[in-house]
Every structure is written in structure tokens, then in C-alpha cells.
Amino acid sequence: MSELILHHYPESLYSEKVRLILGMKNLSWKSVLIPMVMPKPDLMPLTGGYRRTPILQIGNDVYCDTALIAETLERLAPQPSLYPQGLKGVAESLAQWGDNYLFWAAMGYFYQSEGISQALSALSPEMAQNYVNDRAALLASRPQISLAENHAALLVYLQRLQQMLEGGQPFLLGASASLADVCCYHPLWILQMVPATACLLQGYPLVLAWLERVKAIGHGQRSELSALEALAIAKQHPASSIHSQASDIPGIALGDQVQIMPSDYGLDPVQGELVLVESNHMAVRRHDERAGTVVVHFPRIGYHIKHVEQAS
Ligand SMILES: N[C@@H](CCC(=O)N[C@@H](CS)C(=O)NCC(=O)O)C(=O)O
């Protein structure tokens with residue numbers, strides 16, 4: 001297997017999900033630290049415009065979105081599995097709930113309460129303002145939910161997690177950690193970062209003890225790499241042989257020029273030649289002067305794809 005290169009930054013919640021998966025599988029990986037706000041000049045040559053964090057690079061294959069990154073790591077390193085025996089569908093569905101419903105209730109609450117000002121007080125006033133402006137632009141396409149709604153949802157969700165743990169098992173779906181655990185962990189990790197929001201978890205002792213167990217999984221074997229070294233690895237890599245037989249996307253065939261972009265926020269399109277379509281996976285091939293030929297991969301859930309008319 002070519003080396004696993006994670007482009008991330010320490011405070012990124014979705015990156016923490018992937019770091020824990022690398023830990024669950026005790027994998028060795030290279031860490032490239034990227035900026036937490038735009039611009040990201042050494043990342044864009046790899047992704048072709050996708051700006052969200054994290055990104056997994058393997059040679060010149062670039063995997064966007066942690067749902068696909070999790071599936072990719074499971075394919076490359078199947079043991080220990082992210083899915084408890086016989087419960088793959090349950091684990092994936094609970095993971096999707098954690099990544100979306102729990103995540104947005106926790107983030108919404110954090111951003112609208114004292115949490116965000118406590119977190120930003122560690123930054124200089126200019127950096128804090130830069131961060132606020134960047135996230136306002138990134139999230140402009142998301143619906144506005146009030147603090148009261150987020151707070152109410154979060155309390156219901158914390159109660160649900162507490163109930164899931166009442167059977168006495170160490171992890172949400174049994175004796176060992178699964179994808180569901182890391183996807184429900186990272187949204188609550190942000191609440192633990194500052195006192196203003198950490199206090200919310202105090203009424204849920206089973207959840208607090210479970211968070212400690214998930215944290216103890218660790219991050220596997222990490223070593224550092226520079227962004228320029230990562231670009232050089234992509235450029236030196238022989239062309240990826242990844243392809244599929246056919247596309248089942250109406251009106252779009254393999255070989256077509258397409259744009260793929262998130263359907264929720266961070267709506268930056270990535271353009272290239274469609275080279276792979278599977279049930280929850282699609283990929284485009286594109287060329288960049290600094291990165292060479294790269295294949296950029298996305299899940300199908302949560303991403304729009306559209307045909308690009310070629311100028312004649
Ligand atoms: N659905 C995406 C969401 C990723 C996401 O929203 N990541 C946050 C960081 S935790 C982000 O991209 N923030 C803006 C940025 O890093 O530029 C995934 O699972 O990877």
C-alpha cells in the first residue's frame with residue numbers, strides 16, 4: 001500500500017474522526033498540516049477546488065469527505081473492522097446520524113453560545129476575525145437554526161447516547177469500537193474544548209466515560225510531512241489505474257467532463273473527466289501543474305454531479 005497522507009489541522013473535528021479510525025486500525029500515516037481557513041494554496045493543486053478538511057492522499061489518489069475516507073481505510077486495512085459483525089448497516093446509519101444531526105446540533109450550539117468566544121480568545125483579534133469571516137462564507141448555504149433549537153436537540157441527542165450505553169457495554173454497538181463511536185465522538189469533542197460547553201455533558205456520566213474510552217483509542221503511528229513533499233509524491237506517482245465499467249448516473253457517462261461539489265456547504269466545484277462510478281463512490285481525473293495527474297474521489301451521498309458542456 002502507498003503511504004497514507006492525511007491533510008488536516010489539529011482542531012478539525014472531522015479530522016479527529018479519521019485520526020481515531022487510523023488509531024483503531026493501528027495504521028502508520030503521514031500528517032500534512034493545512035490552514036484552517038482559505039486560502040490553502042498547497043492543497044488546491046491536489047483537490048482541484050474542494051476546500052473542506054480532512055483530505056486523504058494515497059499517491060495521486062485524493063479522497064474527499066470522511067465517509068469515503070472511512071470506507072477507503074476499511075478496504076485497505078480490513079482488520080480490525082469498523083463494523084461489528086452483522087451490524088454494518090446499523091453502524092453506518094448511526095455514523096451518519098452522528099456526522100450530521102449530532103454534529104450540527106453541537107456545532108450550532110457551540111457557535112451561538114459562549115463556546116465560540118472562549119475558543120477564539122486563544123487567537124489574535126485579526127486571526128479570530130479572519131476565522132469568523134471564513135466560516136460565515138463557508139456556511140452561508142446552510143439553514144439558520146436558533147440557539148434554543150440547537151440546545152433542545154442536543155439535550156435529546158445526549159439522552160439518546162446515554163440510553164445506548166445503559167446496557168453496560170463499553171462502546172455504542174458492543175465490546176469494541178466501531179465507526180458509530182468515532183462519528184458520535186467528534187461532535188462532542190468540540191463541546192469538551194471549553195468550559196462554557198463542557199458543562200453541558202456533566203449530566204451524562206455514561207457518555208462522559210464512553211468519550212474517555214474513545215479518546216484512549218489514539219491516532220496510530222503518525223509522522224510529519226510537508227505540503228510540498230506531499231505534492232511531490234502525487235506528481236511522481238504513476239497514473240492511477242482506478243476506473244469502473246459504466247456510470248448509472250442519468251445522462252452522464254464515464255469519460256465525460258463533469259463538476260462535482262458538496263450539496264450542503266463549501267460549494268466549490270471540482271472539474272475533471274469522470275473515471276469511476278460505484279454505488280457510493282465517484283471520481284474524476286484532472287491535471288495540475290504542481291500535482292501532476294490526480295484522481296479526486298467523492299462519495300455520492302451529499303455531492304452533486306453535473307455535466308460540463310465542452311466549448312466547441
Ligand atoms: N462531510 C465532510 C465535512 C467536512 C467538514 O466540514 N470539515 C470542516 C472541518 S472539521 C471544514 O471543512 N471546515 C472548513 C475548512 O477546514 O476549510 C466530511 O465528512 O469530510
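How many residues of domain 1 are in contact with domain 2, and how many of domain 2 take part?

Reply: The model is a predicted one, in which local features require pLDDT of at least 70 and side-chain atom pairs count only at pLDDT 80 or more, while totals for chains, interfaces and linings use all residues. Residue numbers run from 1 along each chain as its sequence is written.

The protein chain divides into domain 1, made of 4-79 + 222-307, and domain 2, made of 88-215; these bounds come from an automatic or database domain assignment. Taken over C-alpha atoms, the centres of domain 1 and domain 2 are 25 Å apart. Across the boundary, 14 residues of domain 1 are in contact with 17 residues of domain 2 (C-beta atoms, placed from the backbone, within 7 Å). On the domain 1 side, helix H1 (residues 13-24) gives the most, with seven residues; a helix here is a DSSP run of H or I, at least four residues, numbered from the N terminus. By class, that side of domain 1 has ten nonpolar residues, one polar and three charged (nonpolar: Ala, Val, Leu, Ile, Met, Phe, Trp, Tyr, Cys and Pro; charged: Asp, Glu, Lys and Arg; polar: the others, Gly among them).

The ligand brings H1 up again. Around the ligand lie Ser12, Leu13, Tyr14, Met36, Arg51, Arg52, Thr53, Asp65, Thr66, Ala67 and Leu138, each with its C-beta atom, placed from the backbone, within 6 Å of it. H1 and helix H3 (66-76) are the elements that give two or more residues to this shell. The shell around the ligand comprises five nonpolar, three polar and three charged residues.

Methods: Contact = placed C-beta atoms within 7 Å.
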